[in-house]
Amino acid sequence: MNEMQEPIRSLEARYYTDPMIFEVERKGLLARTWQFAGHASQLENTGDYFAFELAGESLFSIKGRDGEIRTFYNVCQHRAHQLVEGAGTTRVVVCPYHAWTYELTGELRAGPNIKAVTGFDKSKVCLTEVRTEVFLGFIFVNLDNDAKSMDEWFPNARTELESFVPNWTELKPLEWVEIPESCNWKVSVENYSECYHCTLNHPTFATGVIKPETYDVQPQGYCLRHTTESNTLENMSYDINSGFANNDKYSSWFLWPMFSFQVYPGNLLNTYHWRAIDAANVVVWRGWYSIGGEDNETVHRMAAQDRATTVEEDIRLVESVQRGLKSRGYVPGPLVVDPSCGVNSEHSIMHLQRWMLEAVKDEM
Ligand code: FES
Ligand SMILES: [Fe+2]
């Protein structure tokens, strides 16, 4: 008897369309994974801060006198007014409601007339801090106080990235490209994580940047590591001679669930940051970096070429998939998981979909 093993099927459509599942992800997954907040160069001096939203919470990151970047919930511990808006620089954090002031480390420093209160213990009042890690100059936060460190979530990613971007301490954002996509964030992330669709849909990427036959994606903890060789030099659309090792490679490190570091041949760092809006909308932020954030012809050209080709091509794919996921006629199909992996295999989607299920299963 020859028992055939059933192929692994793609996730059911409701995981990508149901607003209730999205709520579960927003309250659960987003609140217990490492999420990108901003770049350390936004907080160069003592007292520099910026506010941002995560999992429905307002937060702000601020640089202390000790040079440490800390993140706090953006809420006063008196009667809950919001503390800061946007970005700026301050000596102390002053609440706009009754002018309680906090040190850059979150401790309450003073408040009008608080000395009149018997038993008021200033040392017992402190802003609520959020786990923060600066990972190669990128600020990540995790609302879960017990979360494992990024090095545990994404083993080896930091050292590998350092070997691909040896000048990371000098890099600053040069431009951000904002890409709204009418699809669930997971559709966009899945599309990013396989190259089974590349040869057919990304002619520029597949002929001018990488060598598709060498493409592979492998999990490293909760990181998906993409590796490939770059195309032959004559086919490259720009000069990759950076003087650094690994200049002839393309590699990316997708950090589950919504961020990816990507290094193009020539050691060009760029990033993807997905911001999930609702069940059917996501905004992808493409970040491009240069030394000191200064104008750089190659980086501008790469950003423009990428926006006009790969990004544009992917928007059409993911938006069509989102429409299809709502079709009554869709039955989730088998994933093409090739045991030898490689460019025409969807083993990375299998890993991703396991993480996607695991993220919501306790609450469903
Ligand atoms: S709420 Fe902030 S000082 Fe009163
Ligand atoms: Fe793509």
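In this predicted model, strands β2 and β3 form a hairpin in which two residues lie between the strands. Within the turn, A55 adopts a positive phi of about 55°. The two strands, β2 spanning residues 48-54, run antiparallel and are joined by six bridges. F52 has L59 of β3 as its bridge partner.

Strand β3, which covers residues 57-63, is mostly covered, with five of its seven residues buried. This strand also takes part in a hairpin with β4, where five residues separate the strands. In that turn, G67 has a positive phi of about 85°. Strand β4 comprises residues 69-73 and runs antiparallel to β3, the pair being joined by five bridges.

In general, the strands of a sheet pair through backbone hydrogen bonds, in either a parallel or an antiparallel manner. The sheet in question is open and consists of seven strands in the order β1-β10-β9-β4-β3-β2-β5, with antiparallel pairing. Strands β1 (35-39) and β5 (87-89) stand at the edges and have a single partner strand each, so one side of each is left without a neighbour in the sheet. From one strand to the next, the twist averages 30°.

In the order of the sheet, β9 stands between β10 and β4. Strand β9 (residues 129-135) is connected to strand β10 (residues 138-142) by five bridges, and the two run antiparallel. The bridge partner of T132 is V141, which lies in β10.

The helical part of the description concerns α5 and α8. Helix α5, formed by residues 185-192, packs against helix α8, formed by residues 297-325, at an angle of about 130°. Their axes are 10 Å apart. An angle from 65 to 115 degrees would count as roughly perpendicular and one over 145 as roughly antiparallel; the two helices α5 and α8 are therefore oblique to each other. Their crossing is right-handed.

On the α5 side, the contact is made by V187, S188 and N191. These residues meet D314, L317, V318, V321 and Q322 in α8. By residue class, the contact of α5 with α8 divides into four nonpolar, three polar and one charged.

Conventions. Residues numbered from 1 in each chain as written. Chains lettered and ligands numbered in written order. Predicted model: local features only at pLDDT ≥ 70, side-chain atom pairs only at ≥ 80, totals over all residues. Pairing = 2+ DSSP bridges. Helix = DSSP H or I, 4+ residues; strand = E, 2+ residues; numbered from the N terminus. Axes fitted to C-alpha atoms, helices over the stretch in contact; angles between N-to-C directions. Parallel < 35°, antiparallel > 145°, perpendicular 65-115°, else oblique. Left-handed = near helix turned anticlockwise from the far one by under 90°. Contact = placed C-beta atoms within 7 Å. Nonpolar A, V, L, I, M, F, W, Y, C, P; charged D, E, K, R; others polar. Buried ≥ 20, exposed ≤ 12 C-beta atoms within 10 Å, placed from the backbone.
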